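Here is a short report on a structure and its two ligand sites. Please look at the sequence and the model first.

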Amino acid sequence: MGPKRALITGVTGQDGAYLSKFLLDQGYEVHGLLRRSASADVINARLKWIGVADAITLHDGNLTDLSGLIRVLEAVRPAEVYNLAAQSFVKSSWQQPILTGTVTGLGATNMLEAVRIVCPDARFYQASSSEMYGLIQEPVQSETTPFYPRSPYAAAKLYAHWMTVNYRESFGLHASSGILFNHESPLRGIEFVTRKITDGVARIKLGLEKKLALGNLDAKRDWGHARDYVKAMWLMLQQDKPDDYVVATGRTTSVRDFCALAFSHVGLRMEDHVTVDERYLRPAEVDVLLGNGTKAKEKLGWKAETTLEELVAEMVEADLARLKRHEHL
Ligand code: NDP
Ligand code: GDP
């Protein structure tokens, strides 16, 4: 028997990079779905940054193209499938609601269908999101908290979540859904608030910029590190029975406090540099998210290992280093 084989969709994203590294370290043969791009030279920048670009096999495909997904699964025959691909930026989802529904929502069904048709014994992970709680119905959100999506992105994720549950119950697929709260890293997309802040702080520290324009500073998120969170994805697929799990740190912090931490890391004060710009406000806001990760702790033996302070320091340092080397990501 050779090494265990995994297929990751969304392999070029933040979590795809950390999960690839984690699975390779576990001895897996890792395959990734790559949507074709005219910028082939930069598309695998995160995989290069984390040092695994040459160790994984990439296959052309798109979540919206079922026949292509079937062909990739037939070629790879994976034991585990991690469906991480999505239009993942909440703010863009109001500008592109149909694309978001097609990729983030129906795309997951395409992947479930492809697995059901080609390799129904493969274990399946769906990247669900705390955004599904939206207008929170309980102060601390667990697997039993009712959902109330507040964006086209969250509505699409909720559909994908229920389809994952449905394929488990209807067809007996080993399909699990991880309801992951926000997780960040030096590989986070630049448009998300944490990375926008750490990149902005690094630019101001190096004298490249003077100001950083943000939106709602009062929003609160339960922020963890992507490196820790991909381990929870894998643990879900190692269980005898598929299930749904909240993955969170259990601590919530405002954008303002995250920002203050990042500026103070380089000896600056946010009051001197941050402005509020209405362009970054949203048509409907998720004011606060705070997860209860008890089930993941008890059943998976998982808990967050990186503190918010460590996360902020790592992200600011990575952005400083990147800018000094004139690199972009
Ligand atoms: P990213 O935005 O960094 O990565 C998204 C990935 O999906 C990229 O590889 C992107 O490819 C790919 N993709 C987008 N559209 C398609 C398509 N039509 N066909 C194939 N691939 C496509 O997301 P993260 O790594 O941060 O998140 C991973 C998953 O987890 C996402 O589904 C996200 O919604 C979800 N999630 C993330 C959370 C977080 O805090 N990070 C929290 C909860 C859930 P390309 O590089 O070509 O753009
Ligand atoms: P999300 O939780 O998936 O939407 O992740 P984001 O990082 O995009 O946003 C987290 C929170 O930060 C949201 O409540 C935003 O309204 C808030 N926020 C405040 N200013 C900004 C900004 O300039 N950019 C982004 N992306 N979010 C901001």
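The side chain of threonine 12 places an N or O atom 2.6 Å from an oxygen atom of ligand 1. This is a polar contact, defined as a pair of N or O atoms within 3.5 Å; within protein, one must be able to donate a hydrogen and the other to accept it, and residues adjacent in sequence count only if both atoms are side-chain atoms. Backbone atoms contribute too. Aspartate 15 has a backbone N or O atom 2.8 Å from an oxygen atom of ligand 1. Leucine 84 likewise has a backbone N or O atom 2.8 Å from a ligand 1 oxygen.

On its own, ligand 1 exposes 910 Å², and the protein buries 89% of this area. Accessible areas follow the Shrake-Rupley method with a 1.4 Å probe; for residues, only the protein chains shown count as cover.

This is a predicted model: local features need pLDDT of at least 70, side-chain atom pairs count only at pLDDT 80 or more, and totals for chains, interfaces and linings use all residues. Residues are numbered from 1 along each chain as its sequence is written, chains are lettered from A and ligands numbered from 1 in the order in which they are written, and side-chain values use heavy atoms, with hydrogens and water left out.

## Ligand 1: the shell

Ligand 1 is surrounded by 25 residues (a heavy atom within 4 Å). The closest are Thr12, Asp15, Ser88, Tyr153 and Lys157. By class, the shell has eleven nonpolar, ten polar and four charged residues. Here Ala, Val, Leu, Ile, Met, Phe, Trp, Tyr, Cys and Pro count as nonpolar, Asp, Glu, Lys and Arg as charged, and the others, Gly among them, as polar.

β5 gives the largest share of this shell, three residues. Helices (H or I, at least four residues) and strands (E, at least two) are DSSP runs, numbered from the N terminus.

A nitrogen atom of ligand 2 lies 2.8 Å from a backbone N or O atom of glycine 215.

The shell around ligand 2 holds 18 residues, with Lys196, Gly215, Arg221, Arg282 and Glu285 the closest. Nine are nonpolar, three polar and six charged. Ligand 2 lies between domain 1 (5–183 + 223–247) and domain 2 (189–221 + 252–324), because both give residues to its shell. The domain bounds come from an automatic or database domain assignment.

## Two serines in one loop

Serine 130 sits in the loop between β5 (123–129) and α6 (152–171). Its relative accessible area is 1%, so serine 130 is buried (under 20%; exposed is over 50%, partly exposed in between; 1.4 Å probe, protein chains only). Beyond neighbours within four places in sequence, serine 130 is in contact (heavy atoms within 4.5 Å) with Ile179, Leu180, Phe181, Asn182 and Leu289.

Serine 142 is also in the loop between β5 and α6. With 11% relative accessibility, serine 142 counts as buried. Neighbours within four places aside, serine 142 is in contact with Tyr133, Val246 and Asn292.

Histidine 328 belongs to the segment after α11 (308–324). Histidine 328 is exposed, at 67% relative accessible area.
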